[in-house]
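Dear colleague,

I am handing over the structure we spoke about, with the sequence alongside. Please open both before reading on.

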Amino acid sequence: MTTARGARARARIEVTAAIKDEARRQLAAEGAAKLSLRAVARELGMVSSALYRYFPSRDDLLTALIIDAYDSLGEAAESAHAEVAAAGPRERWITVCAAARRWALDHPHEYALIYGSPVPGYVAPQETVPAASRVALLLVGTVRDAHRGKGLARTPLPDALKPEALRMAADLAPDLPPEVVVALVAAWAQLYGLIGFELFGQFNRVVEDREPFFRHAAARLAHDVGLVYPEPGERSAGAPASAAARSAAGRVARPAAGPDTGSASA
């Protein structure tokens with residue numbers, strides 16, 4: 001009986017993987033809005049009723065694909081971060097940003113699924129949040145380490161923003177100053193805006209050499225969240241990245257000019 005259950009479990013895993021693979025192929029060809037369980041079943045030679053035993057609705061299949069994409073992105077960022085874990089906060093920040101960019105360039109359709117146009121009629125459930133948070137948690141952790149170490153430069157907030165900044169800090173990172181939490185949320189949005197502009201063609205005929213451009217932009221984001229103090233073992237802004245950081249970024253980049261380390265972000 002145990003052997004039979006094990007065989008059924010393995011078969012279910014294999015069929016589930018096949019369904020997801022075909023769904024990803026359809027995402028690449030047609031986009032998420034046109035994903036159809038019937039079309040997936042037809043391509044796999046299954047009857048629709050059999051596929052519904054694995055994914056009761058299109059939204060259930062989309063949710064599984066979204067979680068897989070976020071987890072794949074998170075794993076890439078975490079692996080890159082592990083290579084430079086002993087480096088200073090700024091280099092760790094830039095490495096995580098570069099790993100997110102490289103993953104997006106290698107997985108454009110999955111990136112479009114999680115950071116592209118919303119799928120009409122689909123609302124992501126709460127179960128997507130842990131996977132979606134993996135890259136953000138790495139960035140927040142990097143800033144938190146700096147805050148506990150040499151500290152962070154802070155940009156004063158306008159009075160009109162202070163109540164919202166206090167709310168954001170209480171909800172997202174109570175141990176960090178509100179000014180830093182505001183900068184983190186802005187940097188998070190700008191990071192994926194930079195990646196999206198490159199991936200979806202907005203940089204065409206605007207930015208030609210995109211690797212050093214991105215690294216410089218990521219360094220500016222680090223500066224904006226307060227990472228302006230070099231630590232032992234961390235390269236100064238503008239110096240070549242370590243071999244591990246270059247490997248994590250995907251290929252060796254030309255040295256990029258970094259932010260001025262002597263002043264706080266304006």
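Below is what was found, going from the whole chain to single residues.

This is a predicted model, in which local features need pLDDT of at least 70 and side-chain atom pairs count only at pLDDT 80 or more, while totals for chains, interfaces and linings use all residues. Residues are numbered from 1 along each chain as its sequence is written, and side-chain values use heavy atoms, with hydrogens and water left out.

**Whole chain**

The chain has 12 helices and 0 strands, where helices (H or I, at least four residues) and strands (E, at least two) are DSSP runs numbered from the N terminus. Of its 266 residues, 42% are buried; buried means under 20% relative accessible area, exposed means over 50%, and partly exposed lies in between, for a 1.4 Å probe and protein chains only. Among contacts (heavy atoms within 4.5 Å) with a separation of 6 or more, 73% join residues 24 or more positions apart.

The largest nonpolar core holds 67 residues, and W93 and V143 have the most contacts inside it; such a core is a set of buried Ala, Val, Leu, Ile, Met, Phe, Trp, Tyr and Cys residues joined through side-chain atoms within 4.5 Å. Leaving out residues up to four places away in sequence, V143 touches W93 itself, together with L152, L176, V180, L184, V225 and L227.

On the α5 side the contact is made by P89, R92, W93, V96 and C97, which meet V135, L138, L139, G141, T142, V143, D145 and A146 in α8. By class, the residues of this contact divide into 9 nonpolar, 2 polar and 2 charged, where Ala, Val, Leu, Ile, Met, Phe, Trp, Tyr, Cys and Pro count as nonpolar, Asp, Glu, Lys and Arg as charged, and the others, Gly among them, as polar.

With α11 (residues 210-224), the axis of α5 (residues 89-106) again comes within 9 Å, but the crossing is at roughly 135°, which makes α5 oblique to α11. This crossing is right-handed, a crossing being right-handed if the near helix is turned clockwise from the far one by less than a right angle, and left-handed if anticlockwise. R90, W93, I94, C97, A98, R101 and R102 in α5 meet R210, E211, F214, R215, A218, A219, L221 and A222 in α11, so that by class the contact has 9 nonpolar, no polar and 6 charged residues.

The axes of α5 and α10 (residues 178-199) come within 10 Å and cross at roughly 35°, and this crossing too is right-handed. Here W93, C97, A100, R101, A104 and L105 of α5 make contact with L184, A187, L191, I195, E198 and L199 of α10, and the classes are 10 nonpolar, no polar and 2 charged.

**R92 and T142**

R92, in α5, is buried, with a relative accessible area of 8%, and T142, in α8 (residues 134-148), is buried with a relative accessible area of 0%. The two are 50 residues apart in sequence and 7.0 Å apart in space, C-alpha to C-alpha.

**Exposed positions**

R205 lies in the loop between α10 and α11 and counts as exposed at 82% relative accessibility; although R205 is not a glycine, it has a positive phi of about 65°. A170, in α9 (residues 162-172), is also exposed, at 52% relative accessibility. The C-alpha atoms of A170 and V181, which are 11 residues apart along the chain, are separated by 9.5 Å.

With best regards

Definitions and conventions: Axes fitted to C-alpha atoms, helices over the stretch in contact; angles between N-to-C directions. Parallel < 35°, antiparallel > 145°, perpendicular 65-115°, else oblique.
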